[in-house]
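Dear colleague,

My notes on it follow directly below.

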Protein chains: 2
Amino acid sequence: MRNINPDLRVIRTKESIRYALVELINEKGFDAITVKDITTRARINRGTFYAHYQDKFDLMTRCEEEIMLDMSRLTKQNYPSVIAALEIDSQTLTPFSFTVSLFEYLQINSGFMKAVLGPRGDLSFQTRLKKFMWETLYGNNPNAFVKEENLLVPGQYLAAYMGTAIIGVIQQWLESGGKESPQEMARILTTISVNGPFFAAGLKK
Amino acid sequence: MRNINPDLRVIRTKESIRYALVELINEKGFDAITVKDITTRARINRGTFYAHYQDKFDLMTRCEEEIMLDMSRLTKQNYPSVIAALEIDSQTLTPFSFTVSLFEYLQINSGFMKAVLGPRGDLSFQTRLKKFMWETLYGNNPNAFVKEENLLVPGQYLAAYMGTAIIGVIQQWLESGGKESPQEMARILTTISVNGPFFAAGLKK
DNA sequence: TGTAATAAACAACAGGGTGTTCATTATTAT
DNA sequence: ATAATAATGAACACCCTGTTGTTTATTACA
């Protein structure tokens, strides 16, 4: 557990580091960033950075951790009812509203999310998010979306398909400026997932 | 244009460099690799590396270029007939065999592909492949899969959905050892794409 | 097979980022 | 006001980079 009451200076420092990180990802990509870049941009002594983080990867991981924690909370809150709704009567209202909440969350954190999920962002985060999706859909919990019973294809691939597709749509949304509302994005995602890409393309009646 | 008839020594050198690259990606991830790592592993003088490539990113790009060229060729050869078949009678045999060819190609190059598409691979390649998929599905060519006419959702998102889903399934396949045959993988992908994830999960009649 | 061409090896270089340490200064909490 | 502590600044050895010039080994070809 972290100290409940951190010094004001610590808060300032960490905030400016993170702000600099996002800026620099957008400018030159996470790959190309050095600790020196970050501290210069954050107008902070390099030694101060090392007082808080081991290196830029550690910094990245810490930031990601918070996001993943939020995502977990959001999922724990909403996911069970989604599964229940689908089991009982295959109605898609509950998955829809869950997706709305997801996009609302992404919208709030769009600065960080766009940078880190973008083409010059951080692969390890994208991997992590993908894994989270996969496990949520297919994980060992009995309450997953993918149930071995009536599958037409192996569950691992169905989960990979859906998980990466969702992330792909999120990336496209963030990359193109996040113009659509969370409601519209949820409509798009559920339409494709429920009816299938071919149907959504107008190729199937 | 490159010299048609390169020195034997050049061939050997480049080959050992690429072999080392793949090994090292698997061991420590592309991020963590240094030029020194590569040359030590390839048992090559560091200066020799710089005679062929600017840096590790240049090396990576050159490798990726060849793959992308193959993918383009494969697509040019098969894609038009896929689109035609879908337009005429919505039969899915042609997309199926195209997908088989794709997985056959991936299988041949699985060493490199697994490394570079893996969780510690190269984000820039994954981005590039995603873009290729997106443009193939939605690009400005009139013969794309996604046609503005009967769309239920914006084309950019449908293309992002399908493109990333395909890549996700490929990654899952490579990551889990490539056990399924290209035919089986094509069946899986077309089943989900044509009927939709919900149907493939057994949630829809 | 001998020879000219050239790739690879070797060595040395300045330059820059890393991660650490320690003394000094500034800010915070109380 | 003061004790605690975070941030600064400077210095350090270390490692990797990218380049250059010289020497050695291999290759292509006549």
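**Domains of chain A**

Within chain A of this predicted model, nine residues of domain 1 of chain A are in contact with eight residues of domain 2 of chain A. The bounds behind these names come from the domain assignment, which gives domain 1 as 8-52 and domain 2 as 63-200. Taken over C-alpha atoms, the centres of domain 1 and domain 2 of chain A are separated by 30 Å, and the area buried between these two domains is about 730 Å², with carbon and sulfur atoms giving 60% of that area. On the side of domain 1 of chain A, the residues that lose the most area to domain 2 of chain A are A:Arg18, A:Ile25 and A:Phe30, which together account for 54% of what that side buries.

As for the chain as a whole, chain A has 10 helices and zero strands, so that you will read the pattern α-α-α-α-α-α-α-α-α-α along its sequence. The C-alpha atoms of chain A fill a box of roughly 60 × 35 × 30 Å when the box is taken along the principal axes.

**Where the two chains meet**

Turning to the interface, 55 residues of chain B are in contact with 56 residues of chain A, and between them chain B and chain A bury about 4,800 Å², of which 64% lies on carbon and sulfur atoms. In chain B, the residues that lose the most area to chain A are B:Tyr157, B:Tyr161 and B:Phe198, together 17% of what that side buries.

The crossing of α9(A) and α8(B) is right-handed. From α9(A), the contact is made by A:Met185, A:Ile188, A:Leu189, A:Ile192 and A:Ser193, and from α8(B) by B:Tyr157, B:Leu158 and B:Tyr161. Sorted by class, the residues in this contact of α9(A) with α8(B) are seven nonpolar and one polar, with no charged residues.

With best regards

Note on methods
Residues are numbered from 1 along each chain as its sequence is written. Chains are lettered from A and ligands numbered from 1 in the order in which they are written. This is a predicted model: local features need pLDDT of at least 70, side-chain atom pairs count only at pLDDT 80 or more; totals for chains, interfaces and linings use all residues. Side-chain values use heavy atoms; hydrogens and water are left out. A crossing is left-handed if the near helix is turned anticlockwise from the far one by less than a right angle, and right-handed if clockwise. Helices (H or I, at least four residues) and strands (E, at least two) are DSSP runs, numbered from the N terminus. Contact means heavy atoms within 4.5 Å. Ala, Val, Leu, Ile, Met, Phe, Trp, Tyr, Cys and Pro count as nonpolar, Asp, Glu, Lys and Arg as charged, and the others, Gly among them, as polar. Domain bounds come from an automatic or database domain assignment. Buried area is the accessible area (1.4 Å probe) that two parts lose on being put together, summed over both.
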